[in-house]
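The report below examines selected side-chain contacts and the strand arrangement around them. Please read it alongside the sequence and the coordinates.

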Amino acid sequence: MPIATLSLHSLGYCCQKSPPFSLKSSFLSKPTKTQFSFAFKTTEKRPFSHIVSMSMEAGIGVMGTKLGMMSFFETDGTVVPVTVVGFREGNLVTQVKTSATDGYDAVQVGYRRVRDKKLTKPELGHLGKAGVIPMRHLQEFRLQSVGEFETGQKLAVEEIFKEGDLVDVSGTTIGKGFQGGIKRHNFKRGQMSHGSKSHRALGSIGAGTTPGRVYKGKKMPGRMGGSKRKIRKLKIVKIDNELRVVMIKGAVPGKPGNLLRITPAKIVGKNIPKS
């Protein structure tokens with residue numbers, strides 16, 4: 001076909017095999033799906049799947065309040081540094097989640113009683129449905145089986161743990177604010193003599209031309225502390241039922257008054273599956 005006699009009808013038929021269209025319809029009006037099928041991105045609705053990224057716990061745990069540190073003297077005279085953990089009113093089961101209803105097995109536990117006006121109406125409705133007191137903190141413990149738990153059940157520390165058990169303690173570390181590389185990443189400083197021009201400065205952070213950028217994850221000054229940390233396999237030295245405190249060997253994250261999460265220590269192949 002000569003170029004002079006080539007029409008828009010033949011162009012549309014050759015390129016897309018679509019119905020004929022005019023310049024007015026293609027450039028001035030809104031295109032239709034038959035004219036520009038390639039311009040429309042078709043999206044298919046995928047079925048919703050509930051994915052839980054929470055790790056499996058070795059057993060049910062409790063929440064407590066860090067009171068401070070002290071020295072504990074054992075019967076043979078050995079001095080052991082311990083962290084004293086107290087327990088306020090709470091540690092009540094507020095919800096039991098199962099695979100049939102929520103897609104995974106977990107127990108939700110509440111801790112630290114507060115006044116009603118400290119919570120929102122949805123929070124009060126959730127706790128009221130469970131028939132428990134208003135509590136500040138709600139955390140979940142994902143377990144392999146939740147058949148032995150029920151809503152409103154009281155979790156007693158002396159029934160879950162005993163002296164000599166190993167536990168994992170998680171909490172929020174003490175916030176240090178914006179810190180330099182020496183304190184934050186334990187960098188070495190330069191010479192402090194008069195001739196030195198680099199005392200506590202960070203120094204070079206990358207090449208100029210190649211790659212011409214700073215690599216991701218470069219250790220630099222920034223916000224330090226105030227992050228969640230877990231200390232694993234700490235030993236319970238003493239459980240005092242009268243004072244309602246637990247003494248754990250070693251240091252745990254956070255300052256006195258911070259919230260702590262205490263769970264049985266994970267030992268792969270013993271209390272949690274290898275997979």
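D168 is buried, since its relative accessible area is 2%, where buried means under 20% relative accessible area, exposed over 50% and partly exposed in between, with a 1.4 Å probe and protein chains only. This is a predicted model, in which local features need pLDDT of at least 70 and side-chain atom pairs count only at pLDDT 80 or more, while totals for chains, interfaces and linings use all residues. Residues are numbered from 1 along each chain as its sequence is written, and side-chain values use heavy atoms, with hydrogens and water left out.

The side chain of D168 meets that of R232 in a salt bridge, 3.9 Å from N to O; the term denotes a side-chain nitrogen of Lys or Arg within 4 Å of a carboxyl oxygen of Asp or Glu. This pair links distant parts of the chain, with R232 in strand β9 (residues 228-240) and D168 in strand β6 (residues 166-172), 64 residues apart. Helices (H or I, at least four residues) and strands (E, at least two) are DSSP runs, numbered from the N terminus. R232 is partly exposed, at 45% relative accessible area.

Over the whole structure, the search finds five salt bridges, among them the following.

| Pair | N to O distance |
|---|---|
| R232 and D168 | 3.9 Å |
| E89 and R113 | 3.3 Å |
| D165 and K162 | 3.3 Å |

E89 is partly exposed at 43% relative accessibility, and R113 is partly exposed at 45%.

Strand β3 (residues 90-97) has six of its eight residues buried, so the rest of the structure largely encloses it. Six bridges join β3 to the antiparallel strand β4 (residues 106-113), strands being paired if DSSP finds at least two bridges between them. Within this pairing, V93 has V109 of β4 as its bridge partner, and Q95 has Q108. The open sheet of three strands runs in the order β3-β4-β5 with antiparallel pairing, and its edge strands, β3 and β5 (135-142), each pair on one side only.
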